Amino acid sequence: MKRLAGIILIGCLMIGCAREPVVKKQSLQGKNMIQLSTDGTAKTNETRQFVAEQAVAQIKQRDDIRDAVAVSTDKKLLLAYQVKQMARFRMKQMAKDIQQQLERLFPDHEVTTSSDLKLFWKTDELRGKIEKDRLSERQINREIDELKRLTEERT
């Protein structure tokens, strides 16, 4: 009798834990919210960051990139990426290639790229702020300029 109760208990726990990712995916509330801009047109966050999403998709296709994060406005694109460990030997050439690739893909944007880990974290934090706080274009430009200054700074 104790074995049967134990088997039923374990089965219930396994069934309960198996449904957890589905519940988490359904609980994301901020994905489809609409934001009105000052000119009266409705925009979603996904369309505002379309250039950034395209840039991340292009860079992640490379074999030497582990992860990438990007933020964009109408005229600026900031992309931070992490390089796989063994690819660090060709870091200068890789940075040049990534910069040129993004400038060809987005000629009307001012492109800034960096492999700095601190900038990667800050860009990811900014992307979270954009999704959560619904930052305006001016605020995003100000944040991108501040992060761009961090890329140019030498320690």
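Predicted model: local features only at pLDDT ≥ 70, side-chain atom pairs only at ≥ 80, totals over all residues.
**Entry 1: α4 and α5**

I started with helix α4, residues 50-60, and helix α5, residues 91-105. Their axes lie 11 Å apart, and the packing angle comes out at about 140°. Roughly antiparallel needs an angle over 145 degrees, so I put α4 and α5 down as oblique to each other. I also checked the handedness: α4 crosses α5 in a right-handed way.

Which residues meet here? On the α4 side I found Ala55, Gln58 and Ile59, and on the α5 side Ile98, Gln101, Leu102 and Leu105. Sorting the residues of this contact by class gave me five nonpolar, two polar and no charged.

**Entry 2: α6 and α7**

Next I looked up helix α6 (residues 117-133) against helix α7 (residues 137-152). The axes are 11 Å apart here, with an angle of about 175°. That angle makes α6 roughly antiparallel to α7.

From α6, the contact uses Leu119, Lys122, Thr123, Leu126, Lys129 and Ile130. From α7, I noted Ile140, Glu143, Ile144, Leu147, Leu150 and Thr151. My class tally for α6 with α7 was seven nonpolar, two polar and three charged residues.

**Entry 3: Thr73**

Then I went for a loop residue: Thr73 sits between β3 (65-72) and β4 (76-83). Is Thr73 buried or exposed? Its relative accessibility is 5%. Buried means under 20%, so Thr73 counts as buried.

What does Thr73 touch, leaving out residues up to four places away in sequence? I listed His109, Glu137, Ile140, Asn141 and Ile144. Two of those names were already in my notes: Ile140 and Ile144 belong to the α7 side of the contact with α6.

Key:
Residues numbered from 1 in each chain as written. Heavy atoms only, no water. Axes fitted to C-alpha atoms, helices over the stretch in contact; angles between N-to-C directions. Helix = DSSP H or I, 4+ residues; strand = E, 2+ residues; numbered from the N terminus. Parallel < 35°, antiparallel > 145°, perpendicular 65-115°, else oblique. Left-handed = near helix turned anticlockwise from the far one by under 90°. Contact = heavy atoms within 4.5 Å. Nonpolar A, V, L, I, M, F, W, Y, C, P; charged D, E, K, R; others polar. Buried < 20%, exposed > 50% of the residue type's maximum accessible area, 1.4 Å probe, protein only.
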